[in-house]
Amino acid sequence: MDKMTLEKLNYDELKELVKGYCVSGLGKALIDKLEPSNNLKIVNRRLDETSEGRRLLDASYHIPLVGIFNVVPYIEKIEKGASLDPEDLAIMSDFLRGCRKVKLFIKDKEGYAPTLSSYGESITDLSYIEEEINRCIRGSIVDSNASKELKKIRRLIDDCENKIKEKLDKFLKNSENKQYIQEFFISKRNGKYTIPIKSSYKNYVQGTIVESSSKGTTVFMEPTTISKHTSELAILKVEESMEEYKILGMLTEMLNEKIREIKINIEVIAEYDMIWAKAKYSNDINGIKPKLNEYGYIKIVDGKYPLLKNPVPLNFEIGNDYRALIITGPNAGGKTVVLKTVGILTLATQSGFHIPAKEGTEISVFNKIFVDIGDNQSIENALSTFSSHVKNLADIIKQSSKSTLLLFDEIGSGTEPNEGAALAIAILEELYHKGCITIATTHYGEIKNFSEEHPHFENAAMEFKKDTLEPLYKLHIGRSGDSNALYISKRMGISDSIIEKTKKYIETKKYNYDLINSSKLTKKKEEIQEVDSKYNYCIGDKVILLDNNESAIVYKELDELNNLTVFYKGEFIDINYKRIKLEISASELYPEGYDLNQLFTSYIDRKLEHDIARGSKKALKKIRKNSL
């Protein structure tokens, strides 16, 4: 299916909605891969699966999928030759138990779901592997009963640790050691049993320092009295790890021997999860399985756009008496929603989703669905809106055939109306000869007129409540609508004379070219000349620089080249009079006799001049310093 079609019709958003009903990542992954099928048998099977799941749900049955996880990563790990960890094996055990429960559940549901029941026969019961894993693994560790050898090793470990603790207890209770001990408890550090000893007495205690406290006041020492037992414990720990690894390898090999059966189980469980999600979605939207055909006939009875809350139901039909429908009506009246509703309900059906509609609805299965909705302007390729629109139409025409559904929004728009309408009619006619099912929206009267005259075209209009200017979002097939521009204009205050003149121009195309009164025209010319004349800028005028819309002050008046000098951000710049405009004149800003030179001298410079005038020694000293 065309990628742009799926994107424009929000197909991925619909899939995300259904994915939310999945129990495991297996079903979600399957929905991610799902695409609409153009095979009638596959579409029918997909819908039947959803219907069977819905029947089970309506009968208060629930497939026992809870606790099933996506075990594909663990299968891949096995295939690479690695052994599974205890946690991995516990998840595999849960998965095998889930497979067994699903197989048992679906076995006697043939009356409700014959197809789904048959899928259960493909599930292999591997309860003996499940039981062995449960016997050997407890939580996230290998159980001591997994093997006699492991049980023996762990018993020896317990004995050894008890001996170590006894020795350390004696050390703590010995009065001779009391002065050395910082805290009277046994601390396990880096896998070794230690006693907290004061740092100042570390040389008085025979043993090995394992760790020091952060402040350095305490050292954790392993007394020499337990060294023998510590070495023995280390050997036993190695033997324990080797035996655990051996058990994990044995359990992993059991799974590897049945890897093919497990993969089939994964596929079947994923299918069940996806189908059950479709069923739950169908239940929530009160969906139906529509009747199917593959000859282009579509009939929608009270169909709803699935991604809108409380949409107005759509009643729609095409493909029997007419194979092209031209929809007209006001802006924001729901024309585009009609296109998207027909498109997404078709995609949903071909994906095996039930649709929110009533019985009597029939959907055709198409090989291809193309849309031209919205602005596909490409900045990267510098295509205009119209160029992009036409390029898309050209690609669609090349790929279209008899089993193609076409959805066009405002076909031919974006250019001169007469050319756009003529181009649209020629395209619609070409697609009709190819046998396509076409639904298009337009504002062009020429397209509406063409549709009325064509035996296999039909017009439709979006209903509009004239007294309140509110769209009703209802489609009326069999009549052509208009944009209601004149009615809306009148309601908004345009005079009756202009409305009547507009109607006359629409019908006759005879426009009034009479000139306005010549005296008025002469007066207007004089006004324009007056505005265009040069303003006599004066020093001190505050002006606006048109290039950046910021203020400056006139420093030198116009020269013979019509340039003047302005003071802007501490700098003097020359600029043409056409690139500025007067903001406030100097006469309005400053009193008569005001020293305008002060405007162009900084406060520091003015202060220095004043200080010199009054004989300030500090000012004179500063001048001498700057001159050195």
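## Helix α4

The buried residues of α4 are Val43, Arg46, Leu47, Glu49, Thr50, Ser51, Glu52, Gly53, Arg54, Leu56 and Leu57, where buried means under 20% relative accessible area with a 1.4 Å probe and protein chains only. These buried residues pack against α6 (86-107), α7 (114-119), α11 (259-285), β7 (291-293) and α12 (335-350); a contact means heavy atoms within 4.5 Å. Helices (H or I, at least four residues) and strands (E, at least two) are DSSP runs numbered from the N terminus.

Helix α4 covers residues 40-58, 19 residues in all. From first C-alpha to last, α4 reaches 26 Å, close to the 27 Å expected at 1.5 Å a residue, a span taken as 1.5 Å times one less than the number of residues. At the start of α4, a side-chain oxygen of Asn39 comes to within 2.9 Å of the backbone nitrogen of Lys41. Just after α4, Ser60 has a positive phi of about 70°.

## The model as a whole

This is a predicted model, in which local features need pLDDT of at least 70, side-chain atom pairs count only at pLDDT 80 or more, and totals for chains, interfaces and linings use all residues. Residues are numbered from 1 along each chain as its sequence is written, and side-chain values use heavy atoms, with hydrogens and water left out.

The protein has 21 helices and 21 strands. Of its 628 residues, 41% count as buried. Among contacts between residues at least 6 apart in sequence, 66% join residues at least 24 apart.

Notes: Buried means under 20% relative accessible area, exposed over 50%, partly exposed in between (1.4 Å probe, protein chains only). A polar contact is a pair of N or O atoms within 3.5 Å; within protein, one must be able to donate a hydrogen and the other to accept it, and residues adjacent in sequence count only if both atoms are side-chain atoms.
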